[in-house]
Amino acid sequence: MEVAKVDHLKQMNHRFRQELIELLHKIQTGHPGGSLSCTEILTLLYFDKMDITPLNLQNPERDHFILSKGHAAPMLYLTLAEKGFFDKEELQNLRQINSMLQGHPCSKTTPGVEVSTGPLGLGISAGCGIAKGLKMQGIDRHVYVLMGDGEIQEGVVWEAAMSAAKFKLDNLVVILDANGVQLDGTTEEVMPMGDIKAKWEAFGFRVIEANGHDITSLSEAIDEAKEIEGKPSLILAHTVKGKGISFMEGKNIWHGKPISDAEYVTALKELEVEV
């Protein structure tokens, strides 16, 4: 990837982090930790890797994206608004009554959201169906599913993984936001998953590891995944929950904790914003 493109995406990620903190502090609800850990993943997909625009949503010959870790909806909404799927002013209505921007993605209300998510494991299951449908129609496009590492404790995830391997869904790219922290603690405390790479490989996936906060590393991993033939792929993206805000990083309490005034000031100072 060209240096100029990398720099542009880095600047965008920095701005999204600032906007996320401002938004979630204002409404006093939402999920900062998991949104901050997948910032680079979302911006790279939407602004470089995927063929998805507000103009081609009805075109079957395009890429597809599912946010399976639905609690990261705030960062998805920032991305969709930047991409032009809806007016940025709508962001101020996040998680409000009758808002088009619910706490978890809703395909019925939010332009750009293809699958409503929230129940863990739903995203990869839907992704398998879409990927299989594209295969049956002879459409050469990819389906990207972004999952959380706490989410893979769900049995339905592994049922879907077996199906993806059986049907040789090489157009399915699962990205695992592996930040090691979930709602009630670390993934090791709640339910240790052992060797995640070996597990997915045993279920028939090609596994590619990447630094989930490094644009170049992620870009190379996605490009490699798109070239794989005969089997689905999983990008094991190593990330940090709450990335960019020192007091949030690696802390499960920031899965969904409101941001106080004092914390807001500290966070924006760390992000170099005058408050």
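Which residues line the largest cavity? The legends below take up this question and then move on to other close-up views. The model is predicted, so local features need pLDDT of at least 70 and side-chain atom pairs count only at pLDDT 80 or more, while totals for chains, interfaces and linings use all residues. Residues are numbered from 1 along each chain as its sequence is written, and side-chain values use heavy atoms, with hydrogens and water left out.

**View 1. The largest cavity and its lining.** Tyr46, Phe65, Ile66, Leu67, Leu76, Pro105, Gly112, Val113, Glu114 and Val115 line the largest cavity. On a 1 Å grid over the protein atoms alone, a cavity is a set of points where a 1.4 Å probe fits but cannot get out, and lining residues have an atom within 4 Å of a point. The space in this cavity is about 40 Å³, where a volume is the space filled by probe spheres set on the points, and grid points are joined across faces, edges and corners. Strand E1 (residues 64-67) gives the largest share of the lining, three residues; helices (H or I, at least four residues) and strands (E, at least two) are DSSP runs, numbered from the N terminus. The lining divides into eight nonpolar residues, one polar and one charged. Here Ala, Val, Leu, Ile, Met, Phe, Trp, Tyr, Cys and Pro count as nonpolar, Asp, Glu, Lys and Arg as charged, and the others, Gly among them, as polar.

**View 2. The largest pocket.** This pocket has a volume of about 210 Å³. Of its 15 lining residues, the closest to the centre are His71, Gly150, Glu151, Gln182 and His255. A pocket is an open set of grid points with protein on both sides within 12 Å along at least five of seven lines. Its lining divides into three nonpolar, seven polar and five charged residues.

**View 3. The largest nonpolar core.** In this core of 59 residues, Ile21, Tyr46, Phe65 and Phe86 have the most contacts inside it. Helix H1 (residues 3-27) gives the most to this core, with nine residues. Another core, of 28 residues, lies apart from it and has Val145, Ala164, Leu176 and Ile196 among its members. A nonpolar core is a set of buried Ala, Val, Leu, Ile, Met, Phe, Trp, Tyr and Cys residues joined through side-chain atoms within 4.5 Å. Buried means under 20% relative accessible area, exposed over 50%, and partly exposed in between (1.4 Å probe, protein chains only).

**View 4. Helix H3 (residues 39-49), mostly covered.** Ten of the eleven residues in helix H3 are buried, including Ile41, Leu44, Tyr46 and Phe47.

**View 5. Thr187 and its contacts.** Thr187 sits in helix H7 (residues 187-190). With a relative accessible area of 12%, Thr187 is buried. Not counting residues up to four places away in sequence, Thr187 touches Asp149, Gly150, Gln153, Gly180, Val181, Gln182 and Pro192; contact means heavy atoms within 4.5 Å.
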